[in-house]
Amino acid sequence: MLGAMQDWTMRITHVIDAAARESGAREIVTHWADGHETRTNWAEVRTDALKMAQALEALGVKKGDRVASLAMNHSRHLVSWYGVAGMGGVLHTVNPRLFEDQLEYIVNHAEDKVLLYDAAFQPIVDKMRDRWTTIEHYVCYDPADGFDGHAFESWIGAQDGEYTWAEGSERDPCMLCYTSGTTGNPKGVQYEHRSTVMHAMAGLQPSAFNFGPASVMLPVVPMFHAASWGLPYAGAMAGIKFVFSAVNDPAILHELMIREKVTDSAGVPTVWLAHFQYCDAQKIDLPPLKAATIGGSACPRFMIERLMKNGTRVQHAWGMTETSPIGTVGGPTSDWNELTFDEKVDKTAMQGRPIFGVELRTVDLDDNTVELPRDGETSGALQIRGPWIIRRYFKGEADACNNDGWFDTGDVGIIHPDGTLQLTDRTKDVIKSGGEWISSVELENAAVGCPGVAEAACVGMYHSKWDERPVLFVVKKEGEDVTADAVMDHLKPLIAKWWMPDAVEFVDDIPHTATGKISKKDLRARFSDYSLEGA
Ligand code: AMP
């Protein structure tokens, strides 16, 4: 016998309908690449999304077709999130920082029919047009005067908005995001309506984004990175005010945060690094944010300290494209007021606790069938499962999970008795020295706290006696001098003696991936001839 409640298919269209109905007048501000600003609201976003759905159908786009976007954060991109899903299409957010071969591969692999793009990426479009074999229509979001092609505003403006959202199963796909693995071609992660709605609802919790109608969010995390952490959906559910900037210039972000009374922001740690440098150079305070969600890579201790001293709650989050992406988020616990400032920073430096809906476990690195204790000490391979966690990659034949439905994250971590996750490394980056594991990430985090160090990356190098030993690559802060001895002295009290790097090498730059993370793969390739003295 079934229960006696109403049917309600978990589709994204409910999200935008609710935002327009309950929070229709709440503003959505965009600072565009050319410096001008526009203001719209949730009601208008819905109307534009309805028009866009009609415009896509007029181009011949059908249910299940992929529509790509190559764009930064702005209100027209937001409209597309709802317009594409609203007509039953799948929005494929493409990362413009990918290399040409990857751009060619993913667009052709996704079989994108339409590309929506920012004028700033016209050079990419011009270069790739002949290599993209499936795109039939190009639409520019913000064309300059005299543009000869589909301009987003007039393209959707030709429609009347008299449209009924496409219906279908809540398990239909709605979004596609590629993730570049350490080996092989990028892989597509296809989100469903149901998984997206559930993920966004979970993201609203006080222990996650803590959104309400009083929230004003400036998301620095790009809309092309892991579904912008689900913010465009969670924000609509709570009816928040969004402030978007199509350019990631700290001066512009800072001014917007102050002027628009931004309460919340979200981004990778490098965003805050740039913001700190800007404020230091200008001799001004950080913006008075209530909360900053930081994730994508480990948030260094000094960053947490500085933001917390500024009165900003730091929500350190962990996740992956494959996990929609939120897996864990940090935040105060019931004993928070009894902790010292340093203890609070220590806790925040860990990756937080799973939000309801996801389960985590660690297993032995050498034997994945052995589950490890949640004792705050034992580190192992991190696995995850839940309704917004990947089951299989786009067009993939095989399940991406093991038989029990656990997805292997490729991360290494420790789970504490209170459920807090402490990430220690990537499976491929942990350094095995004399049979014991050394966390390259912890070494890096300790090193970036050293005065004069701008960025640090640690990799294991071959050693005849120990198998591998850590070598630390360091980029100096501009205009500052720091020696290898100073770095070693700084590390000494922070890490175990046998973790101390065998060498500190100064480099002009450290390679990064398209999502701004340190690329150990490229760093290793760059130093493939490197040899440790005495090895
Ligand atoms: P992506 O799919 O590009 O978002 O990359 C996901 C990976 O980023 C994870 O598997 C982690 O290795 C890393 N990552 C994400 N959040 C954090 C965090 N808070 N601390 C450390 N690493 C993180």
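Into which domains is the protein divided?

1. The protein comprises domain 1 (13-415) and domain 2 (429-526), with bounds drawn from an automatic or database domain assignment. The model is predicted, so that local features need pLDDT of at least 70 and side-chain atom pairs count only at pLDDT 80 or more, while totals for chains, interfaces and linings use all residues. Residues are numbered from 1 along each chain as its sequence is written, and side-chain values use heavy atoms, with hydrogens and water left out.

2. Taken over C-alpha atoms, the centres of domain 1 and domain 2 are 30 Å apart. Contact (heavy atoms within 4.5 Å) links 14 residues of domain 1 with 12 residues of domain 2.

3. Between domain 1 and domain 2, about 1,100 Å² is buried, 59% of it from carbon and sulfur atoms. This area is the accessible area (1.4 Å probe) lost by the two parts on being put together, summed over both.

4. The two domains share 1 salt bridge, defined as a side-chain nitrogen of Lys or Arg within 4 Å of a carboxyl oxygen of Asp or Glu. Elsewhere in the list of pairs, Asp366 forms a salt bridge with Lys432, with the closest N and O atoms 3.8 Å apart.

5. Asp264 lies in strand β12 (residues 264-267); strands are DSSP runs (E, at least two residues), numbered from the N terminus. Beyond neighbours within four places in sequence, Asp264 is in contact with residues including Phe209, Met217 and Leu289.

How values were computed
Helix = DSSP H or I, 4+ residues; strand = E, 2+ residues; numbered from the N terminus.
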